[in-house]
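Subject: A structure for you to look at

Hello,

Here is the structure I promised to hand over. Please open it first, then read my notes beside it.

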Amino acid sequence: MKTSVRNKVKLLSEDETSRIIEMAWEDRTPFEAIERLFDVSEPEVIEIMRSNIKRKTFNNWRARVSGRKTKHIKLRSPDVSRGYCSTQYKPVRKR
């Protein structure tokens, strides 16, 4: 299985890899959303993270998402209805 995961990960563009890493970092973005957009499973996301960020950073990320219910739709509270905090994206004010 590891061979196929690595081969699939190698087929991603730099932009796709960057966006997957960004989405994986976001606490409210579930792995299922990444899979729906990029056809990349959770083990493949883990492999992407492992091979593209520093070891300590990867370990910190892995520890954080391992216990986070918002990273899996099935574990998520029904109160969480969006993939980001309501104050995360604020409109840009025109001067």
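Start with confidence. This is a predicted model. The chain has a mean pLDDT of 78. Of its residues, 60% reach 70 or more. Confidence is lowest in helix H1, residues 2-10, where the mean is 59. It is highest in H4, at a mean of 94.

**Overall layout**

What does the secondary structure of the chain come to? Five helices and zero strands. Read from the N terminus, the elements run α-α-α-α-α. The chain has 95 residues, and 33% of them are buried. Now take the contacts between residues at least 6 apart in sequence. Of these, 64% join residues at least 24 apart.

**The core**

The largest nonpolar core has 17 residues. Which of them touch the most other members? They are Ile20, Ile34, Val40, Val45, Met49 and Trp61. Four helices each supply at least two residues of this core: H2 (14-25), H3 (31-38), H4 (42-52) and H5 (55-66). There is a general background to this. In soluble globular proteins, nonpolar side chains tend to be buried together.

Look at Trp61 next. Leave out residues up to four places away in sequence. Trp61 then touches Ala24, Trp25, Phe31, Val45, Ile46 and Met49.

Is Ile34 buried or exposed? It is buried, because its relative accessible area is 0% and the cut-off for buried is under 20%. Leave aside its neighbours within four places in sequence. Ile34 is then in contact with Ile20, Met23, Ala24, Thr29, Asp39, Val40 and Val45. Take Ala24 from that list. Ile34 and Ala24 are ten residues apart in sequence, and their C-alpha atoms are 7.8 Å apart in space.

Met23, another contact of Ile34, is found in helix H2. Met23 is buried as well, with a relative accessible area of 4%. Between Met23 and Ala33 there are again ten residues in sequence. The C-alpha to C-alpha distance for that pair is 8.8 Å.

**How the helices pack**

Two packed helices are described by the angle between their axes and the distance between the axes. I looked at two pairs this way.

Take H4 and H5 first. They pack at an angle of about 150 degrees, with their axes 9 Å apart. So H4 is roughly antiparallel to H5. From H4, the contact uses Glu42, Val45, Ile46, Met49 and Arg50. From H5, it uses Phe58, Trp61 and Arg62. By class, these residues divide into five nonpolar, no polar and three charged.

Now take H2 and H4. Their axes come within 10 Å and cross at roughly 105 degrees. H2 is therefore roughly perpendicular to H4. On the H2 side, the contact is made by Thr17, Ile20, Ile21, Ala24 and Trp25. On the H4 side, it is made by Val45, Ile48, Met49 and Asn52. This contact has seven nonpolar, two polar and no charged residues.

Thr17 counts as buried, because its relative accessibility is 14% and the limit is under 20%. Which residues does Thr17 contact, leaving aside its neighbours within four places in sequence? They are Leu12, Ile48 and Asn52.

Finish with Asp39. Where does it lie? Asp39 is in the loop between H3 and H4. Most residues other than glycine have a negative phi, and most peptide bonds are trans. Asp39 is not a glycine, yet it has a positive phi of about 55 degrees. Asp39 is also among the contacts of Ile34.

Best wishes

Definitions and conventions:
Residues numbered from 1 in each chain as written. Predicted model: local features only at pLDDT ≥ 70, side-chain atom pairs only at ≥ 80, totals over all residues. Heavy atoms only, no water. Core = buried A, V, L, I, M, F, W, Y, C linked by side-chain atoms within 4.5 Å. Buried < 20%, exposed > 50% of the residue type's maximum accessible area, 1.4 Å probe, protein only. Contact = heavy atoms within 4.5 Å. pLDDT = per-residue confidence, 0-100. Axes fitted to C-alpha atoms, helices over the stretch in contact; angles between N-to-C directions. Parallel < 35°, antiparallel > 145°, perpendicular 65-115°, else oblique. Nonpolar A, V, L, I, M, F, W, Y, C, P; charged D, E, K, R; others polar.
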